[in-house]
There are 2 protein chains.
Amino acid sequence: MGLNGDARGGDGRTERLVVIGGDAAGMSAASRARRLKGPGELEIVAFERGHFTSFSACGIPYWVGGEVDGRDRLIARTPEEHRQRGIDLRLRTEVTEIDPAGRRVHARDVDSGSGSWMPYDKLVLATGARPVRPDLPGADAPGVHGVQTLDDGQALLDTLARTRGRRAVVVGAGYIGVEMAEALIHRGFGVTVVDRGSEPMPTLDPDMGRMVHRAMEGLGITMVNDAEVTGILTGPQGRVRAVATTHAEYPADLVILGIGVRPETSLAREAGLPLGAHGGLLTDLAMRVRGHENIWAGGDCVEVLNLVSGQEQYVPLGTHANKHGQVIGTNAGGGYATFPGVVGTAVSKVCDLEIARTGLREKDARRVGLRYETVTIESTSRAGYYPGASPMTVKMLAERRTGRLLGVQIVGREGAAKRVDVAAVALTAGMTVEQMTALDLGYAPPFSPVWDPVLVAARKAAARVRAS
Amino acid sequence: MGLNGDARGGDGRTERLVVIGGDAAGMSAASRARRLKGPGELEIVAFERGHFTSFSACGIPYWVGGEVDGRDRLIARTPEEHRQRGIDLRLRTEVTEIDPAGRRVHARDVDSGSGSWMPYDKLVLATGARPVRPDLPGADAPGVHGVQTLDDGQALLDTLARTRGRRAVVVGAGYIGVEMAEALIHRGFGVTVVDRGSEPMPTLDPDMGRMVHRAMEGLGITMVNDAEVTGILTGPQGRVRAVATTHAEYPADLVILGIGVRPETSLAREAGLPLGAHGGLLTDLAMRVRGHENIWAGGDCVEVLNLVSGQEQYVPLGTHANKHGQVIGTNAGGGYATFPGVVGTAVSKVCDLEIARTGLREKDARRVGLRYETVTIESTSRAGYYPGASPMTVKMLAERRTGRLLGVQIVGREGAAKRVDVAAVALTAGMTVEQMTALDLGYAPPFSPVWDPVLVAARKAAARVRAS
């Protein structure tokens with residue numbers, strides 16, 4: 001990201017910035033623009049369809065699991081706080097149409113149904129994502145829940161309180177599915193996770209996902225792989241009673257859908273804005289919608305450039321949404337900032353297991369036609385003799401011949417996940433695994449063996465590349 | 001580091017590699033060379049003055065403190081294991097002279113006193129460091145201990161078992177002094193630490209060292225700053241009874257000297273090998289002693305290049321010694337590898353406080369004439385709402401105008417120290433703080449706020465640079 005230029009207005013007229021979507025990307029953009037330009041220079045109107053702003057969707061599993069005490073803890077900034085900062089925030093107001101040629105949006109009050117056009121000078125699309133809902137009978141039955149929004153989380157908690165049965169089926173073994181499975185274990189449910197992949201956590205290669213599989217079983221979760229859901233079966237009163245799959249039928253008092261999200265870009269599509277292969281908006285480095293000088297987009301509704309593969313990718317993560325918001329707000333506020341792209345870093349936690357990845361998996365490398373070497377090493381989180389040292393597995397991919405780092409996956413316990421950040425920086429810098437072997441990483445017995453696990457992997461990968 | 005070339009011998013004659021010093025650098029070099037060349041091609045003789053090989057000096061405070069159970073846990077590889085791998089290891093044998101022109105060393109049996117010359121084809125100097133001993137009366141009195149070697153550690157434990165008094169004075173508040181102070185608290189001692197600096201942990205700027213000061217006081221350690229030791233006072237039987245300083249006199253049943261180490265290069269000096277301003281051997285990228293084709297040096301007896309300042313520096317750390325050993329062993333074994341330098345990363349732990357630094361401190365930046373901006377931010381180790389989130393302070397230095405990252409210091413609790421690795425990689429890659437703001441670091445509520453503390457610091461530093 002970069003910021004240059006000045007933040008003062010142009011001809012003295014008050015411009016209007018309209019923001020569609022009141023979550024991380026939208027409200028970060030609005031807040032940042034407001035810091036750069038006062039209300040006399042820039043009017044900021046933000047439309048949000050729901051009841052909340054700026055909440056941490058990533059925290060919902062921990063709220064449901066009882067580790068986080070109450071919904072309000074997940075709200076970074078309330079609507080009232082945004083309004084106090086001079087943002088005209090309109091909750092329960094849905095934008096139903098964008099007219100880029102006329103520079104206006106049509107907004108409708110969700111409750112009254114009344115609507116009107118509002119002109120804009122600058123527009124920010126932060127419409128987020130919508131959960132993938134299986135096109136199956138019963139998918140909307142009572143007892144079937146998504147976990148995208150705070151309203152979803154509250155609805156699920158209400159169901160938990162009401163439901164007497166204690167059998168849950170989670171569809172999808174990505175990080176949200178796995179986190180929700182653990183949350184439901186904490187709530188006293190028997191949990192079955194059904195997934196079409198060969199191992200849980202498809203963000204990892206299957207050989208690493210196998211370790212997550214074992215940890216889930218250790219928690220008492222039943223993991224069903226290679227199974228396609230064929231129907232959600234309902235009983236008396238239309239409530240869910242089971243999930244049918246190509247493998248077997250699983251009784252369920254509660255079903256969680258964790259099969260991912262897609263960019264919410266129907267408005268953008270109707271307005272003729274450019275969408276990519278994954279259905280997300282396409283932007284330039286400054287998060288400006290391609291071909292539209294005065295429209296920006298960020299968060300879960302855009303595609304981003306993967307700096308390792310060189311291809312556009314869909315990565316709906318809160319951390320990117322926040323960065324997008326900063327960049328957009330800076331640019332909409334008269335400065336200049338850029339978001340170069342991602343390297344594909346993601347971390348998560350299943351019980352005491354820490355899971356991390358960055359860069360390309362084997363299948364990503366194959367997809368973009370890269371030839372690679374792969375190594376997997378076992379090490380420990382601390383010096384072997386220091387109390388609490390725990391095992392850690394690091395898998396590393398390097399490009400054949402050049403030795404360029406392509407990706408890292410880590411599964412371990414305390415201290416494992418954030419080690420992936422070293423690889424994320426190395427990927428950003430385009431380092432080779434050979435160069436990585438000389439990295440001056442912190443060493444002290446409570447924190448690392450004398451050769452950090454990432455360095456052990458780099459050494460082995462470098463040897464493999466040399467021999468290739 | 002890099003490795004190229006092949007590991008096969010030249011003319012078929014068996015060459016002899018002589019290694020002086022049996023700790024991390026020396027034995028890593030010997031082991032690595034042995035992996036590349038078999039005994040038929042390369043004879044390897046290693047001389048070690050003491051009783052042990054390949055031990056973790058960094059672990060001694062934890063052994064003394066009782067967290068690590070027994071000396072043997074600190075030994076990575078025993079003399080017997082080295083011998084089984086085909087290394088002719090000679091313990092209790094001291095090299096007393098190097099004759100580079102004649103390609104031979106003179107070695108003496110420490111116990112019998114008998115000695116002889118041994119020719120070499122290739123020589124590795126890994127003579128390590130010697131503790132700085134204050135030139136004061138009483139510095140060698142019974143009850144005064146250093147903590148460099150396993151023998152030192154054992155002698156200290158013997159003293160702990162014998163000494164009835166429970167008052168300890170630690171001279172020096174660097175990381176070894178502070179770790180030893182904590183170890184002695186665990187052993188039931190009342191501990192006073194005396195240091196000439198304005199705050200403990202001089203590897204940090206004083207504003208960050210102040211936090212360590214508070215944590216030490218929280219443990220019950222008395223920290224005396226700005227005090228010079230003027231004498232070590234002895235009582236009946238010549239045993240230590242107090243430490244006299246410019247500040248006051250502190251009664252002591254036990255004194256630990258933690259005032260640092262100097263390169264052990266007397267042999268090298270006498271042999272006319274090149275030494276730097278800090279008294280360490282000067283080598284090239286391949287860890288070859290400058291001007292000497294067949295002599296390498298590594299570990300605590302060499303100076304290393306600081307990649308940020310561009311100057312030679314003395315950094316006696318086990319992690320570098322291990323890397324040096326790998327590089328030397330590869331080169332002595334007929335391959336090619338390099339050690340480009342360090343960025344000055346160091347991490348340590350005081351009670352539950354994690355302390356980390358990398359790159360330049362303010363005084364380092366001033367010394368090399370760099371103009372810099374500095375920012376300090378407060379953040380948390382996890383999402384604020386996630387249980388166990390703890391405060392973390394990050395200080396960042398960036399070069400004025402260019403925005404190049406110069407250094408990072410972190411003080412926090414769980415999860416703080418290893419975050420410095422991100423900055424270590426960024427320093428190695430020569431990144432600006434602006435570039436760092438876009439780094440794709442891992443985010444999930446159990447591991448980080450949505451803006452990682454390092455990114456928060458980078459954002460603030462980038463803003464400061466832009467405004468400068």
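**Chatting through the A–B interface**

Author: In this predicted model, chain B and chain A bury about 5,300 Å² between them, and carbon and sulfur atoms give 64% of that area.

Reader: Nice place to start! Which three residues of chain B supply more of that buried area than any other three?

Author: Those are B:Tyr385, B:Asp440 and B:Phe447, which supply 15% of the area that chain B buries against chain A.

Reader: And how many residues are in contact on each chain?

Author: There are 62 residues of chain B in contact with 62 residues of chain A.

Reader: OK, what about charges? How many salt bridges are there across the interface of chain B and chain A?

Author: The rule finds two salt bridges there. One of them joins A:Asp452 to B:Lys418, and the closest N and O atoms of that pair are 2.6 Å apart.

Reader: Good to know. How many residue pairs are in polar contact between the two chains?

Author: The count is 23 residue pairs between chain B and chain A, with both residues at pLDDT 80 or more.

Reader: Which elements of chain B give two or more residues to the side that touches chain A?

Author: On chain B they are the helices α8 (318-332), α10 (420-428) and α12 (453-467), along with the strand β21 (346-350).

Reader: And what does that side of chain B look like by class?

Author: It has 31 nonpolar residues, 17 polar ones and 14 charged ones.

Reader: Let's switch to the inside of chain A. Which domains is it divided into?

Author: Chain A has domain 1 (15-130 + 262-332), domain 2 (144-259) and domain 3 (354-467).

Reader: How many residues do domain 1 and domain 3 of chain A put into their contact?

Author: Domain 1 of chain A gives four residues and domain 3 of chain A gives six. The C-alpha centres of these two domains lie 35 Å apart.

Reader: What area is buried between them?

Author: It is about 460 Å², with carbon and sulfur atoms giving 69%. On the domain 1 side, A:Val308, A:Ser309 and A:Gln311 supply 79% of the area that this domain buries against domain 3, more than any other three residues.

Reader: How many salt bridges or polar contacts are there between these domains?

Author: The salt bridge count between domain 1 and domain 3 of chain A is zero. The rule also finds zero residue pairs in polar contact there, both at pLDDT 80 or more.

Reader: Which classes show up on the domain 1 side, then?

Author: Where domain 1 of chain A touches domain 3, there are one nonpolar and three polar residues, and no charged ones.

How values were computed: Residues numbered from 1 in each chain as written. Chains lettered and ligands numbered in written order. Predicted model: local features only at pLDDT ≥ 70, side-chain atom pairs only at ≥ 80, totals over all residues. Heavy atoms only, no water. Domains from an automatic or database assignment. Contact = heavy atoms within 4.5 Å. Buried area = accessible area lost by both parts, 1.4 Å probe. Salt bridge = Lys/Arg side-chain N within 4 Å of Asp/Glu carboxyl O. Polar contact = N/O pair within 3.5 Å; in protein donor to acceptor, adjacent residues only side chain to side chain. Nonpolar A, V, L, I, M, F, W, Y, C, P; charged D, E, K, R; others polar. Helix = DSSP H or I, 4+ residues; strand = E, 2+ residues; numbered from the N terminus.
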